[in-house]
Amino acid sequence: MRIDVVSIFPSYFDGLSLSLLGKARESGILDLHVHDLRDWTSDRHRTVDDTPYGGGAGMVMKPEPWALALDELSAHSDASTIIFPSPAGEVFRQSRARELAEQEHLIIGCGRYEGIDERVFEYAVSLGDVHLVSLGDYVLNGGEVAAMAMIEAVGRLIPGVVGNPESLVEESHEDGLLEYPSYTKPAQWRSRDVPEVLLSGNHGAIATWRREQQLERTRTRRPDLLGD
Ligand code: JD2
């Protein structure tokens, strides 16, 4: 998979090259390219923003640099999926991460200020499959942190990125429930015991206990996942 990220803060993504995505990148499974939006400006000050029509606080990202960036980057593949992190987008879930992990080319446009001129989203539809996606119901200052979360969630689903394929089906959200609690040695620590069933060697009893824990945690912490 090729991922192109466009941002006015490309150095935000430096840390992403490390961690679990590092290996995928080296092997060519994940080909990440981070770009500075200002490279598609042509004025002396490399301007990317302007005042909003209709008035209001803050600035809006100008459409021209975005269109040039999207024209150039979408030409790298026959089928681009173009993602704009946005507080007004659909919430990003594991189901979306699975969908995106199947694409050959993602372009992620990270806005700043009060966001991007609306016509950019309309124009992008002529270049690829466009999605406005929100990380969740809280306000960030721009799309970069959301883009990094999405890249990490998608990247680890690409075959060859996670070492152990079993770990993908067992964890949170893959089966629509929260994870069961995990323990490691020592078996007793500061007067706290590891649940006895986990030391029993009874794999059936362990599986049953873990499923009960998943259901109970989901019921108390995330009832919305059980369909309320
Ligand atoms: C962004 C901003 C409009 C207020 C580009 C915020 C996001 N879950 C999420 N919260 N906020 C964002 C997000 C994404 C992109 C931009 N801003 C600042 N815009 C109103 C603040 C500018 C996601 N994904």
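View 1. Leu 140 places a backbone N or O atom 3.1 Å from a nitrogen atom of the ligand. The model is predicted. At Leu 135, a polar backbone atom is 3.3 Å from a nitrogen atom of the ligand. On its own, the ligand has 510 Å² of accessible area, and the protein covers 86% of that.

View 2. The ligand takes up the space of the largest pocket. Two elements each give two or more residues to the shell around the ligand: β5 (80-91) and β7 (128-134). Strand β5 supplies the largest share, three residues.

**View 3. The shell around the ligand.** A total of 19 residues surround the ligand. The closest are Pro 85, Ser 134, Gly 136, Tyr 138 and Leu 140. By class, the shell holds nine nonpolar, eight polar and two charged residues. Leu 140, one of the closest residues, is also the one with the 3.1 Å backbone approach to a ligand nitrogen.

**View 4. Asp 43 in its loop.** Asp 43 sits in the loop that runs between β2 (31-36) and β3 (49-50). Its side chain makes a polar contact of 2.5 Å with the side chain of Thr 47. The relative accessible area of Asp 43 is 33%, so the residue counts as partly exposed: the value falls between the 20% limit for buried and the 50% limit for exposed.

Note on methods. Residues are numbered from 1 along each chain as its sequence is written. This is a predicted model: local features need pLDDT of at least 70, side-chain atom pairs count only at pLDDT 80 or more; totals for chains, interfaces and linings use all residues. Side-chain values use heavy atoms; hydrogens and water are left out. A residue is near a molecule or strand if one of its heavy atoms lies within 4 Å of it. A polar contact is a pair of N or O atoms within 3.5 Å; within protein, one must be able to donate a hydrogen and the other to accept it, and residues adjacent in sequence count only if both atoms are side-chain atoms. Accessible areas come from the Shrake-Rupley method with a 1.4 Å probe; for residues, only the protein chains shown count as cover. On a 1 Å grid over the protein atoms alone, a cavity is a set of points where a 1.4 Å probe fits but cannot get out, and a pocket is an open set with protein on both sides within 12 Å along at least five of seven lines; lining residues have an atom within 4 Å of a point. A molecule sits in a cavity or pocket if more than half of its atoms lie within 2 Å of its grid points. Helices (H or I, at least four residues) and strands (E, at least two) are DSSP runs, numbered from the N terminus. Ala, Val, Leu, Ile, Met, Phe, Trp, Tyr, Cys and Pro count as nonpolar, Asp, Glu, Lys and Arg as charged, and the others, Gly among them, as polar. Buried means under 20% relative accessible area, exposed over 50%, partly exposed in between (1.4 Å probe, protein chains only).
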